[in-house]
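Dear colleague,

Please read them with the coordinates open beside you.

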Amino acid sequence: MKKIFFFLFAAVMTACFISCINEYEYTIETTYGPITYIGTKKPNETRAVGDIVFTDGSATPYSATLTLTDDQKNAAVAVIYKVVGTDSYGVGLVHASDLAWCTETANGYAKIETIACTNTGTTFSGDTDGSNNFTQIGTALGQNDDTGTADKYPAFYFAKNYKDATGSHVSGTIYQNNWYLPSVSELYDVFSVKSSINPAITLCGGNSLGDCSYWSSSQDNSSNNTAWTIQFQNGGINSSSKASTEKHTRCIHKF
């Protein structure tokens with residue numbers, strides 16, 4: 001009889017314990033409720049050109065009537081300029097000025113064939129993906145790799161350390177790394193939608209894409225010491241001395 005009572009007691013206590021666990025889990029779920037995102041699009045929703053991306057991965061489409069709170073502005077990290085399938089690409093909100101692509105003393109001042117990109121009008125061939133161009137410079141230099149010296153590659157290090165740029169809003173977030181200097185092809189994609197994305201950039205408090213020249217990470221294959229730049233006033237693609245400091249630097253990120 002005692003054994004029967006013991007087993008019955010144990011069964012009741014086990015049922016109560018399981019019931020308490022289920023009730024506890026349900027209570028936690030109910031207490032915290034659904035996640036609240038900064039933007040109107042959840043992180044897994046398809047983005048479109050002009051969308052503003054926030055630190056939590058959410059996004060909000062730009063419109064002429066859109067307003068942002070100060071908290072939203074401080075959480076904005078990029079504006080989408082291109083969408084390819086499920087991949088979207090965003091341009092950073094702030095730029096740098098007066099940075100050389102590299103200095104004359106940098107070993108990368110010589111021609112780097114592997115990052116060469118050519119264009120016929122607005123059609124580009126060669127290395128059109130700039131995401132690993134800085135790494136390719138180091139690889140091409142081999143034993144003479146000096147890409148670890150920040151002072152010799154100012155434009156590239158602005159992108160590499162974009163999280164430290166005032167107004168980037170990416171430090172300590174999921175987007176603090178993997179910003180890069182775009183290839184000339186990617187940079188032209190940014191220019192081609194300039195009028196569409198500039199209002200969103202300025203709404204976020206960023207630096208508008210001005211009528212100035214921006215560096216690409218692409219080598220001009222027709223010259224030893226030049227890289228491609230794009231004049232954002234008219235879309236002109238120009239070959240510029242890598243040591244020139246009369247350019248702006250803007251970086252991009254894949255989302």
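In which loop does His169 lie? His169 sits in the loop between H4 and H5, where the helices (H or I, at least four residues) and strands (E, at least two) are DSSP runs numbered from the N terminus. Before going further, please note that this is a predicted model, in which local features need pLDDT of at least 70 and side-chain atom pairs count only at pLDDT 80 or more, while totals for chains, interfaces and linings use all residues. Residues are numbered from 1 along each chain as its sequence is written, and side-chain values use heavy atoms, with hydrogens and water left out.

Most residues other than glycine have a negative phi, and most peptide bonds are trans.

**Overall make-up**

The secondary structure of the protein comes to six helices and twelve strands, and 45% of its 255 residues count as buried. Among contacts (heavy atoms within 4.5 Å) between residues at least 6 apart in sequence, 62% join residues at least 24 apart.

Two strands are taken to pair if DSSP finds at least two bridges between them. S3 and S4 run antiparallel and are joined by six bridges, one of which links Val83 with its partner Ser88 in S4. These two strands form a hairpin with two residues between them, and Gly85 in the turn has a positive phi of about 65°. S4 also pairs with S12 in the antiparallel sense, over three bridges, and here Gly90 has His253 of S12 as its bridge partner. Five of the six residues of S4 are buried, so this strand is largely enclosed by the rest of the structure.

**Nonpolar cores**

A nonpolar core is a set of buried Ala, Val, Leu, Ile, Met, Phe, Trp, Tyr and Cys residues joined through side-chain atoms within 4.5 Å. The largest one has 48 residues, and those with the most contacts inside it are Ile52, Tyr162 and Ile197. The elements that give two or more residues to this core include strand S1 (52-54), H5 and strand S9 (226-231), but S3 gives the most, with six residues. A second, separate core of 16 residues includes Tyr109, Leu141, Ala155 and Ala227.

Leu203, found in helix H6, counts as buried at 19% relative accessibility. Leu203 touches Ile52, Tyr62, Leu66, Leu68 and Lys73, not counting residues up to four places away in sequence; Leu203 and Lys73 are 130 residues apart in sequence and 7.9 Å apart in space, C-alpha to C-alpha.

**Helix H3**

In H3, the residues Asn133, Phe134, Gln136, Ile137, Gly138 and Leu141 are buried, and the buried residues of this helix pack against H4 and strand S8 (213-219).

**Pockets**

On a 1 Å grid over the protein atoms alone, with a 1.4 Å probe, a pocket is an open set of points with protein on both sides within 12 Å along at least five of seven lines, and lining residues have an atom within 4 Å of a point. Grid points are joined across faces, edges and corners, and a volume is the space filled by probe spheres set on the points.

The largest pocket holds about 370 Å³ of space and is lined by 19 residues, of which Ser131, Lys160, Asn178, Trp179 and Tyr180 lie nearest its centre. H4 gives the most to this lining, with four residues.

The second largest pocket holds about 220 Å³, and its lining includes Tyr81, Ser131, Tyr180 and Lys254. Strand S3 (76-84) and helix H5 (184-192) each supply at least two residues of that lining.

Best wishes

Methods:
Buried < 20%, exposed > 50% of the residue type's maximum accessible area, 1.4 Å probe, protein only.
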